[in-house]
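Terms are given with their cut-offs where they come up.

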Amino acid sequence: MTTAKHRILVVGGGTAGISVAARLLRRGHTDVAVIEPSEVHYYQPLWTLVGGGQAKASTTVRTEASVMPEAATWIKNAAARVDPDSNMVTCVDGAEYEYDVLVVCPGIQLDWDRTEGLTEALGKDGVSSNYRFDLAPRTWEFIRNLRSGTAVFAMPSGPIKCAGAPQKIAYLASDYWRKQGVLDDIDVHLVVPTPRLFGIPAIADNLDVIASGYGITVHTNAEVTSIDGAAHKVAVTPLGAQGSDTVLPYDVLHTAPRQSAPDWIKSSPLSTGDAGGYVDIDKHTMQHLRYPNVFSLGDAGSSPNSKTGAAIRKQAPVVVDNIECLLAGRPPHASHDGYGSCPIVTSAHAMLLAEFDYELNLRPSFPLLDPTKPHRGYWYLKKYGLPFMYWNLMLKGLA
């Protein structure tokens, strides 16, 4: 039995869901509902700075009520199942919501248990991750207290949100240790699953110089596959090529978890059907490939752009425009070019702002600054400018 029906139903009250709902309401749509169980809303990009001792965790969180558009219907529930043939979303408590148009943006699932030993080791004995609000301050505690030994920073294979985050913290930590005069006593390792530190050669070249300057040993085409918390060791497995695992000791270990679409998306007809299980959309129109009244954006969508808030900022207007086309009986006309942005903090006073599209063409917002190199101005943008824009403009449908 249907609990309620809404003209436009948005699943997820994170960056994507709130941005789209706010834009729809500004366009005059009156029946917009958002399914979101959480009472809090996080600005996650600052968690790297929290882990690096450059920001307080408390500045990254507000109540969900404070960001939910006033005219939206807030359904404080969690989606559990979707039946796109019946235009129905079922929540965990059995409540059913019918829709004319569905926007799917529940975010990404952090699969901590897919790395052997990670769940057990997290939060103690030097092991942390900036991918959790409660653990980012622990990262800083472990970094601050290390005076000698080995530090390992790891990125998993597969799509993850903010792919630059696993290496940013390596640079922030190394910068701190250098200022403390102890960097020479710490053996720093950075493990990445990619052939280079970035997919754009000019940016990768500069990151190579930065990593080398800190004395960081970079392990490419590899990932940490298991953690032995008791022995303080990780297994580093080469990807693709033949080879045996390398065992690294650690005193501090920072890792990002493997990630995938939420399980209920994976098992739904909306899924791509592969291991990631993301919502199967046209990467330009953000419209589902089989269900025209379903759209997806943000981390849960299958589009191959970087999973960042910057990508959502460009996707949201496309989704809203194409929803209006659908409701008016016209084919979608708005197109997303894959714009994404990866702000890579390289020290406590400089940042490199990588902006690019689907073809990895550079798309700098500030052409006067070399987009392949770190700049001090970008640091202030990261710490002050982007959070201000997020809370005051983006979530209100104004940017």
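1. A crossing is called left-handed if the near helix is turned anticlockwise from the far one by less than a right angle, and right-handed if clockwise. Helices (H or I, at least four residues) and strands (E, at least two) are DSSP runs, numbered from the N terminus. By that convention, α5 passes α6 in a right-handed crossing.

2. On sources: this is a predicted model, in which local features need pLDDT of at least 70 and side-chain atom pairs count only at pLDDT 80 or more, while totals for chains, interfaces and linings use all residues. Residues are numbered from 1 along each chain as its sequence is written, and side-chain values use heavy atoms, with hydrogens and water left out.

3. Helix α5 (residues 136–145) packs on helix α6 (residues 165–179) at an angle of about 35 degrees, the axes being 10 Å apart. Axes are lines fitted to C-alpha atoms, for helices over the stretch in contact, and angles run from 0 to 180 degrees between N-to-C directions. On the α5 side the contact (heavy atoms within 4.5 Å) is made by T139, W140, I143 and R144, and on the α6 side by I169, A173, Y176 and W177.

4. Helix α6 also meets helix α7 (residues 201–213): their axes come within 10 Å and cross at roughly 40 degrees. This crossing of α6 and α7 is left-handed. Q167, Y171 and R178 of α6 make the contact with L207, I210, A211 and G213 of α7.

5. Apart from neighbours within four places in sequence, T150 contacts D187, H189, P249, Y250, D251 and V252.

6. Y339 sits in the loop between α9 (309–327) and β20 (340–345) and is buried, with a relative accessible area of 4%. Not counting residues up to four places away in sequence, Y339 touches A310, A311, R313, K314, E355, F356, D357, R363 and S365.

7. L398 is in the segment after α10 (376–392). With a relative accessible area of 47%, L398 is partly exposed. Together with F388 and L393, L398 makes a nonpolar surface patch of about 280 Å².

Methods. Patch = residues over 30% accessible without salt bridge, like charges linked within 9 Å, V, L, I, M, F, W, Y side chains within 5 Å. Areas by Shrake-Rupley, 256 points an atom, 1.4 Å probe, with all protein chains shown as cover. Salt bridge = Lys/Arg side-chain N within 4 Å of Asp/Glu carboxyl O. Buried < 20%, exposed > 50% of the residue type's maximum accessible area, 1.4 Å probe, protein only.
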